[in-house]
Amino acid sequence: ATGENQVVTIPYRIIDCPQRLEHKDWERVVAVFVAGPAWQFKGWPGLTPDGSPVHIFTKMKAFHLKFEEVALEKNITKWDVAVLTVSKNKRHLDSVCALKFWEHLDKFIMKNKRHLRF
């Protein structure tokens with residue numbers, strides 16, 4: 001019927017060693033989890049001359065996952081990073097954080113990498 005939402009399953013490949021990506025693979029990267037230090041991005045394409053990853057975050061959605069009790073890393077406040085916060089004591093709220101992750105990622109893909117969506 002018209003007007004109904006269709007559910008589409010999109011497979012994602014999760015990696016922990018981006019140095020193994022070939023040049024052609026980088027266009028398909030949609031997200032990165034950011035720890036805070038800029039050295040995390042050493043060797044990545046798209047760094048500014050001073051080693052900053054700010055341009056990288058225009059090509060993929062950046063996320064920082066932290067406990068609410070922990071202070072935010074100072075670089076995170078300077079970069080375009082979505083902060084996802086969980087509580088050490090309210091773990092039943094983790095699903096809310098997970099939903100926020102998918103909402104941010106879906107919006108980013110629809111705006112910036114629509115060709116990968118379907």
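Helices (H or I, at least four residues) and strands (E, at least two) are DSSP runs, numbered from the N terminus. On that basis the protein chain has three helices and three strands. This is a predicted model: local features need pLDDT of at least 70, side-chain atom pairs count only at pLDDT 80 or more, and totals for chains, interfaces and linings use all residues. Residues are numbered from 1 along each chain as its sequence is written, and side-chain values use heavy atoms, with hydrogens and water left out.

**Overall build**

- Read from the N terminus, the elements run β-β-α-β-α-α.
- The C-alpha trace spans about 55 × 40 × 25 Å along its principal axes.
- Of the 118 residues in the protein chain, 32% count as buried. Buried means under 20% relative accessible area, exposed means over 50%, and partly exposed lies in between (1.4 Å probe, protein chains only).
- The accessible surface of the protein chain comes to about 8800 Å². Carbon and sulfur atoms hold 55% of that surface. Areas come from the Shrake-Rupley method with a 1.4 Å probe; for residues, only the protein chains shown count as cover.
- Contact means heavy atoms within 4.5 Å. Among contacts with a separation of 6 or more, 49% come from residues 24 or more positions apart.

**Strands and pairing**

- Two strands pair if DSSP finds at least two bridges between them.
- Strand β1 covers residues 31-33 and runs parallel to β2, joined by three bridges. Val32 stands opposite Ala62 of β2.
- Strand β3 covers residues 81-86 and pairs with β2 in the parallel sense, over six bridges. Phe63 has Ala82 in β3 as its bridge partner.
- Strand β2 covers residues 61-67, and five of its seven residues are buried, so the rest of the structure largely encloses it.

**His64 in β2**

- His64 sits in strand β2.
- It is buried, with a relative accessible area of 8%.
- Leaving aside neighbours within four places in sequence, His64 contacts Val34, Ala35, Leu72, Ile76, Val81, Ala82, Val83 and Leu84.

**Thr48 in a loop**

- Thr48 belongs to the loop between β1 and β2.
- Thr48 is buried too, at a relative accessible area of 14%.
- Not counting residues up to four places away in sequence, Thr48 touches Val54 and His55.

**Nonpolar cores**

- In soluble globular proteins, nonpolar side chains tend to be buried together.
- A nonpolar core is a set of buried Ala, Val, Leu, Ile, Met, Phe, Trp, Tyr and Cys residues joined through side-chain atoms within 4.5 Å.
- The largest core has 14 residues. Val32, Val34, Phe41, Trp44, Phe57, Met60 and Val81 touch the most other members.
- Apart from that core lies another, of 10 residues, among them Val30, Ala82, Cys97 and Ile109.
- Met60 touches Trp26, Val29, Val30, Ala31, Val32, Trp44 and Phe108, not counting residues up to four places away in sequence.

**Surface patch**

- Tyr12, Ile14 and Trp102 form a nonpolar patch on the surface, with about 360 Å² of accessible area together.
- Patches are made of residues with over 30% relative accessible area and no salt bridge; like charges are joined within 9 Å, and nonpolar side chains (Val, Leu, Ile, Met, Phe, Trp, Tyr) within 5 Å.
- Tyr12 lies in the segment before β1. Its relative accessibility of 33% makes Tyr12 partly exposed.

**Salt bridges**

- A salt bridge is a side-chain nitrogen of Lys or Arg within 4 Å of a carboxyl oxygen of Asp or Glu. The count by this rule is three.
- Glu22, Lys24 and Asp25 are linked in a network.
- Within it, the side chains of Glu22 and Lys24 meet at 3.9 Å, N to O. Lys24 also bridges to Asp25, with the closest N and O atoms 3.4 Å apart.
- Lys24 is exposed, at 59% relative accessibility. Glu22 is partly exposed, with a relative accessible area of 47%.
- Arg91 forms a salt bridge with Asp94, with the closest N and O atoms 2.8 Å apart.
- Arg91 is partly exposed at 44% relative accessible area, and Asp94 is partly exposed at 24%.
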